[in-house]
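Hi everyone, thanks for making time today. I'd like to walk you through one model, and please stop me whenever you want to look at something on the screen.

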Amino acid sequence: MTYGFLDIAVTPSVRAVQAEMGVDHLWQDFKGERTSDRFTENEAMFIAARDSFYMASVSETGWPYVQHRGGPRGFLKLVDERTLAFADYRGNLQYISAGNLAADSRACLFLMDYTRRARLKIYAHVEILSLDADPALTERISPQPYRAKLERIFRLRLDAFDWNCPQHITPRFTETEIAEAVRPLRERLSALEAENATLRARLGGRETDGETA
């Protein structure tokens with residue numbers, strides 16, 4: 001039976017380590033069917049909520065490189081059930097990921113949700129497009145307004161995805177998430193401050209009336 005992501009990830013050396021650790025039987029006797037070559041609505045919602053991800057590529061010398069990509073929430077677009085795309089903006093001018101992917105189009109993405117302790121792994125082949133290669137796609141994935149120089153488009157063809165367990169993911173929260181969480185407290189505090197100011201004003205008025213009398 002197939003396991004999608006692991007059908008790609010598990011190599012002879014991986015199997016050797018699995019055997020050494022006594023867990024090879026878990027995967028050799030896998031009875032399920034975990035094809036994962038098409039995103040479902042569950043993955044679509046998860047991807048749309050992300051404002052960053054990690055992308056790994058490999059150079060001609062065999063060295064891996066992991067890059068953090070960030071942008072407005074939802075900047076990684078789900079074009080269809082097997083295609084992702086994102087705008088590549090000018091950064092530190094090293095172009096390591098772009099160069100690696102030009103030589104070997106294979107990439108692995110990690111999408112993290114630290115708040116809910118979830119992570120989505122994606123194997124994909126990446127195609128680098130000029131801005132005029134697909135004007136409709138360029139327009140679709142270019143967030144407006146966004147202060148950065150758009151240089152190219154990365155289009156990713158899904159090979160397989162998998163969900164990781166939440167173990168060892170430390171919950172972290174963005175400024176926006178924290179602001180939203182404490183908003184009711186701030187509103188309550190503002191109401192209490194206003195109420196307190198009103199009571200002070202009334203009390204001050206009574207004290208003034210008493211002195212006049």
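I'll go through the sheet, then the helices on it, then the pockets, and end with salt bridges. One thing to keep in mind throughout is that this is a predicted model.

Let's start with the sheet. It is an open sheet of 7 strands with antiparallel pairing, and the order reads β2-β1-β5-β6-β7-β4-β3. At the edges sit β2 and β3, residues 77-80 for the latter, and each of these two pairs on one side only. On average, neighbouring strands are turned by 35 degrees against each other, with direction ignored. As a reminder, strands in a sheet are held in pairs by backbone hydrogen bonds, in a parallel or an antiparallel manner.

Now two of those pairings in more detail. β1 and β2 run antiparallel and share 7 bridges. If you click on F53, you'll find that its bridge partner in β2 is R69. These two strands form a hairpin with 5 residues between them, where G62 has a positive phi near 90 degrees. Further along the sheet, β5 and β6 are also antiparallel, joined by 8 bridges. There, R106 is placed opposite H125 of β6.

Next, the helices. α4, residues 41-48, lies across β3, β4, β5, β6 and β7, and runs at about 80 degrees to β6. α5 packs on the sheet as well, touching β1, β2, β5, β6 and β7. Its direction makes about 50 degrees with that of β1.

How much space lies in the largest pocket? The value is about 340 Å³. Its lining has 23 residues, and those nearest the centre are Q67, R69, D88, Y89 and G91. The elements giving two or more residues to this lining are β2 (64-70), β4 (83-89), α5 (96-103) and β7 (150-164). Of the elements, β2 gives the most, with 5 residues. So much for where the lining comes from; by class, it divides into 11 nonpolar, 7 polar and 5 charged residues.

The elements that give two or more residues here are β1 (52-58), β5 (106-113) and β6 (118-129). By class, the lining has 7 nonpolar, 2 polar and 3 charged residues.

Last stop, salt bridges. How many does the structure hold? There are 13 salt bridges. One to look at is R38 with E81, where the closest N and O atoms are 3.2 Å apart. This pair links distant parts of the chain, 43 residues apart. R38 is in the loop between α3 (24-28) and α4, while E81 is in the loop between β3 and β4.

That's my tour, and I'm happy to go back to any view you'd like.

How values were computed. Residues are numbered from 1 along each chain as its sequence is written. This is a predicted model: local features need pLDDT of at least 70, side-chain atom pairs count only at pLDDT 80 or more; totals for chains, interfaces and linings use all residues. Side-chain values use heavy atoms; hydrogens and water are left out. On a 1 Å grid over the protein atoms alone, a cavity is a set of points where a 1.4 Å probe fits but cannot get out, and a pocket is an open set with protein on both sides within 12 Å along at least five of seven lines; lining residues have an atom within 4 Å of a point. Grid points are joined across faces, edges and corners, and a volume is the space filled by probe spheres set on the points. Helices (H or I, at least four residues) and strands (E, at least two) are DSSP runs, numbered from the N terminus. Ala, Val, Leu, Ile, Met, Phe, Trp, Tyr, Cys and Pro count as nonpolar, Asp, Glu, Lys and Arg as charged, and the others, Gly among them, as polar. Two strands pair if DSSP finds at least two bridges between them. Axes are lines fitted to C-alpha atoms, for helices over the stretch in contact, and angles run from 0 to 180 degrees between N-to-C directions. Contact means heavy atoms within 4.5 Å. A salt bridge is a side-chain nitrogen of Lys or Arg within 4 Å of a carboxyl oxygen of Asp or Glu.
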